[in-house]
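Reader: Please take a close look at one helix pair for me. Then take in another pair and the charged contacts.

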Amino acid sequence: MKKKSNYNWRTNTLPALVMVGPVSVIMILLVAVPLIYVAVMSFCSIDEYYNVVFRFNIQNYIRLANVNYLKIYAQSFIIALLTTVFCLLIAYPFSYLIARTKSSKKKLLYMLVIIPFWTNSLIRIYGWRTFLGTNGWLNTLLQFLHITKEPVDFLFKQGTTVLGMVYCLIPFMILPLYTAIEKLDSSLLEASSDLGAKRAATFFEVILPLTSGGIFSGCIMVFIPCLGYFFVSDILGGGNSDVIGNLIERQFQSGNNWPLGAALSIILILITLILVKIYQAFGGDMESLGV
């Protein structure tokens, strides 16, 4: 009997451990341990020489209620909300065009969405800075066409930061929308048309409800990263439109206050978890978020 139980353990459990074990170890070392380390550090302190001292308290979280920080939180959510809205307005018709196209151009349009991922986003944002600069191509064109008499300062404004965010994050909106729209049953659209519904009514009564999962998924995938894309704000906003990611980056770099930066990171993680839970509450599929 003992030999039989050992045999069953080897045939059933051992292969599963061999397959899952290495992945579990990697996840623990690269995800769980760093998160625990950041969480522990968020309760630490610093001495007069800015060295981390393992003297636990909640002062870092109390400092997060500072008025200056609250302004940046509000500004972060405004930028993230504007970015999400603009991405949705631009991405939805483009995703619909790709999904409903039957010709060979469908692959080409889909590739246009994927190609930006081949180039580092930092390089692409510096390209926008060059393009929008006072000596950039846009100002040169405007003056050549006699639209403006002198260079226009487009940089270091909140609108420019939103433009950079939209440019970086719009593929994350297009991909889930494309998946949701492609799954639409064409017979439902035909039935709506046969029953006398106009295109606007078909869109709001049939298409929009059936693709709401893709909309919410895309909004989550744009909104959350937008709160942490500090390099876009640094390069295009010039420090005039900071997001939460800028606060974290400064605490770990110039501020040299790692515990406070860790506390900010934990808050950003909690915001992410709350938004994901809301997404789940509305029946969202975690696989569409890559979770």
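Author: The crossing of α8 and α9 is right-handed. A crossing counts as right-handed if the near helix is turned clockwise from the far one by less than a right angle, and as left-handed if anticlockwise. The model is a predicted one, where local features need pLDDT of at least 70, side-chain atom pairs count only at pLDDT 80 or more, and totals for chains, interfaces and linings use all residues. Residues are numbered from 1 along each chain as its sequence is written, and side-chain values use heavy atoms, leaving out hydrogens and water.

Helix α8 covers residues 186-194, and helix α9 covers residues 199-210. Both are DSSP runs (H or I, at least four residues), numbered from the N terminus. They pack at an angle of about 165 degrees, with their axes 10 Å apart. Axes are lines fitted to C-alpha atoms over the stretch in contact, and angles run from 0 to 180 degrees between N-to-C directions. That angle makes α8 roughly antiparallel to α9. The cut-offs are under 35 degrees for roughly parallel, over 145 for roughly antiparallel, 65 to 115 for roughly perpendicular, and oblique for the rest.

From α8, the contact uses L188, L189 and S192. From α9, it uses T202, V206, I207 and L210. Contact means heavy atoms within 4.5 Å. The contact residues divide into 5 nonpolar, 2 polar and no charged. Here Ala, Val, Leu, Ile, Met, Phe, Trp, Tyr, Cys and Pro count as nonpolar, Asp, Glu, Lys and Arg as charged, and the others, Gly among them, as polar.

Now the other pair. Helix α3 (residues 67-100) packs on helix α7 (residues 158-182) at about 40 degrees, their axes 6 Å apart. That makes α3 oblique to α7. The contact of α3 with α7 has 23 nonpolar, 6 polar and 2 charged residues. α3 passes α7 in a right-handed crossing.

Next, the charged contacts. The structure holds 2 salt bridges. Each is a side-chain nitrogen of Lys or Arg within 4 Å of a carboxyl oxygen of Asp or Glu. One joins K157 and D153, at 3.9 Å from N to O. K157 is partly exposed, at 39% relative accessibility. D153 is partly exposed too, at 45%. R250 pairs with D242, the closest N and O atoms being 2.8 Å apart. R250 is partly exposed, at 28%. D242 is buried, at 7%. Buried means under 20% relative accessible area, exposed over 50%, and partly exposed in between (1.4 Å probe, protein chains only).

Terms used. Helices (H or I, at least four residues) and strands (E, at least two) are DSSP runs, numbered from the N terminus.
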